[in-house]
Amino acid sequence: MQLKIYNSLTGEKEIFKPILEGNVGMYVCGPTVYSNVHLGNVRTFLSFDFIYRSLKHLGYKVRYVRNITDAGHLTDDGNVDNDRFVKQTRLEKLEPMEIVQKYTVDFHKVLDMFNLLPPNIEPTATGHIVEQIELTQKLIERGFAYESNGSVYFDVLEYNRRGLNYGELSKRNIEELFANTRDLDGQGEKKNPQDFALWKKASPAHIMRWNSPWGEGFPGWHLECTAMSTKYLGETFDIHGGGMDLKFPHHECEIAQGKACNDAAPVNYWMHANMLTMNSQRMSKSTGNYILPMQLVTGENDFFEKPFHPAIVRFCFLQAHYRSVLDISNDAMLASEKGFIRLMEAIKVLHSITPNDEKQSDFNLEEWKNKAYDALTDDFNSPVLIAHLFEAVKYIFALNDGKETISTKDLDDLKSTLDALIFDVLGLQAIEENNNEKLDQTLKVLIELRNQARKSKNFELSDQIRDKLLAEGIELKDGRDGTTYVLN
Ligand code: AMP
Ligand code: ZN
């Protein structure tokens, strides 16, 4: 089986060849922890969780690194005073690292809710200031960067002068970039508007600041990912992922920094996950068209008519390929819920099927497995994989109705293949039945047993049931309409 990956850099699906056979180094840009992640952010992280799970299932030993952006970095409008951490610090009257801690904890809680596996390494930008300063020094020494008024910028024109190609990932032409740029940040400091900050001088208002050879300041956002990815995965590593919106300038700058530092492209396969839209509009905090993951799960929102279990949200996300835009709507969620319930029902039914080794089945299990794995290895095509799972679901219900047969060997194979694909690879989880309902049913059984004991005058047993329940804080009350219970 050959794994094919769509490489955003070449614009083609390529056969995946890891640097070290059997091993994969994968870096994914993590969240900026100055506020709660919205559902759109979750989609990107979930896409890479599915890719991580798939790689592991296909037998690769994966080192998965996903960072936490916790050092303040510039905003799109380039105004240092609009730094997102600084703003939130003022708003919430908290220390910057309190903000970082609060939203890192929230991020982990949210991803845990959707059953995302933790990465192998989760480095923070503030924990790698020394590495970022060293990289900046190296870039100055190599003539790719210059200091200006306490800040250090990457010299994009110099990079191109040396035959390198700034814009190769986003397919932007440098002249076009120079003509269209309206970047006000660093005006008067930069040689060219496209030069980007490696190190930024901190204004007196800027709270997050570190000492450096250029005075007090803080690192540029693009540099942190270069510092952390190459530290843990090497100067050139296999896969770099992130949301589509990070292609330019973030990932373009990472390529430039990596090449300028090490004379080698930092990444072999660039993977970009597409956006989540809601009611056909991109989900984003700035436009207000967003929903927090918890709001979808509790139902406390104005967009969806009912709450949805995290496993159903996960299933809904995986029904779209990671490179396609996914529009989330009430109808889409309801359809996913229906599909999810049918899938889980089939798994339950499968465990009660009796095999039959005499009769031949029309369902070719080997062929079906090949199709499922072809989808998985075809650039992680989850919607096609799920479509194949539903062929198996149909077969399972036919088995249950006695319209189909399965041999003992095939039954074991089908069970283990479905378990692996549904639970390990797609990362779905069966929804546990409501515990309160279970307790209610159990207590009703105990009340019934107590009534029977009383009828047969076994008062010792009936009293024992009542007293033992009472010791557990459950009081039985005998009334005219029968026995009820109170939980104390
Ligand atoms: P941020 O914390 O803003 O750096 O974003 C974290 C990740 O979420 C990045 O990889 C973004 O590309 C991604 N992201 C932001 N908005 C969306 C969206 N609407 N749909 C999918 N991914 C998104
Ligand atoms: Zn990054």
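The accessible surface of the protein comes to about 23300 Å², and carbon and sulfur atoms hold 48% of that area. Accessible areas come from the Shrake-Rupley method with a 1.4 Å probe, and for residues only the protein chains shown count as cover. This is a predicted model, in which local features need pLDDT of at least 70, side-chain atom pairs count only at pLDDT 80 or more, and totals for chains, interfaces and linings use all residues. Residues are numbered from 1 along each chain as its sequence is written, chains are lettered from A and ligands numbered from 1 in the order in which they are written, and side-chain values use heavy atoms, with hydrogens and water left out.

**Overall build**

- The protein has 16 helices and 15 strands. Helices (H or I, at least four residues) and strands (E, at least two) are DSSP runs, numbered from the N terminus.
- Along the principal axes, the C-alpha atoms fill a box of roughly 95 × 60 × 40 Å.
- Of the 488 residues, 52% are buried. Buried means under 20% relative accessible area, exposed over 50%, and partly exposed in between (1.4 Å probe, protein chains only).
- Take the contacts between residues at least 6 apart in sequence: 73% join residues at least 24 apart. Contact means heavy atoms within 4.5 Å.

**Zinc site**

- The zinc ion is ligand 2, and its protein donors are C29 (SG), C225 (SG) and H250 (NE2), at 2.0 to 2.2 Å. Donors are N, O and S atoms within 2.8 Å of the metal (3.2 Å for Na, K and Ca); water is not among the atoms, so sites may look incomplete.
- Along the chain, the donors follow the spacing C-x195-C-x24-H.
- C225 sits in helix α7 (residues 221-233) and H250 in helix α8 (residues 247-262), so this pair ties together parts that are 25 residues apart in sequence.
- Both C225 and H250 are buried.

- D245 puts a polar side-chain atom 2.3 Å from an oxygen atom of ligand 1.
- T32 has a polar backbone atom 3.0 Å from an oxygen atom of ligand 1.
- M283 has a polar backbone atom 2.8 Å from a nitrogen atom of ligand 1.
- Taken alone, ligand 1 exposes 500 Å², and the protein buries 90% of that.

**Helices α10 and α11**

- All of α10 is covered: 9 of its 9 residues are buried, so α10 is largely enclosed by the rest of the structure. Its buried residues include R314 and C316.
- Helix α11 (residues 330-350) has 21 residues, which should span 30 Å at 1.5 Å a residue; its end C-alpha atoms are 30 Å apart, which agrees. The expected span is 1.5 Å times one less than the number of residues.
- Among the buried residues of α11 are M333, E337, F340, L343 and I347.
- What covers the buried residues of α11 includes α10 (310-318), β13 (326-328), α13 (382-400) and α14 (408-425).

**Helix α8**

- P249 has its place in helix α8. A cis peptide bond joins F248 and P249, with omega about 0°.
- N262 is also found in helix α8, and N262 is buried at a relative accessible area of 18%.
- The side chain of N262 makes a polar contact with the side chain of K138 (3.3 Å). A polar contact is a pair of N or O atoms within 3.5 Å; within protein, one must be able to donate a hydrogen and the other to accept it, and residues adjacent in sequence count only if both atoms are side-chain atoms.
- Leaving aside residues up to four places away in sequence, N262 touches K138, R142 and E235.

**Loop residues**

- N115 has a positive phi of about 60° although it is not a glycine. N115 lies in the loop between α3 (96-113) and α4 (129-141) and is buried, at 18% relative accessible area.
- K171 has a positive phi of about 55°, and K171 is not a glycine either. K171 lies in the loop between α5 (156-161) and α6 (174-180) and counts as exposed, at 51% relative accessibility.
- E358 lies in the loop between α11 and α12 (365-377) and is exposed, with a relative accessible area of 75%.
- E358 and S170 are 188 residues apart in sequence and 59 Å apart in space, C-alpha to C-alpha.
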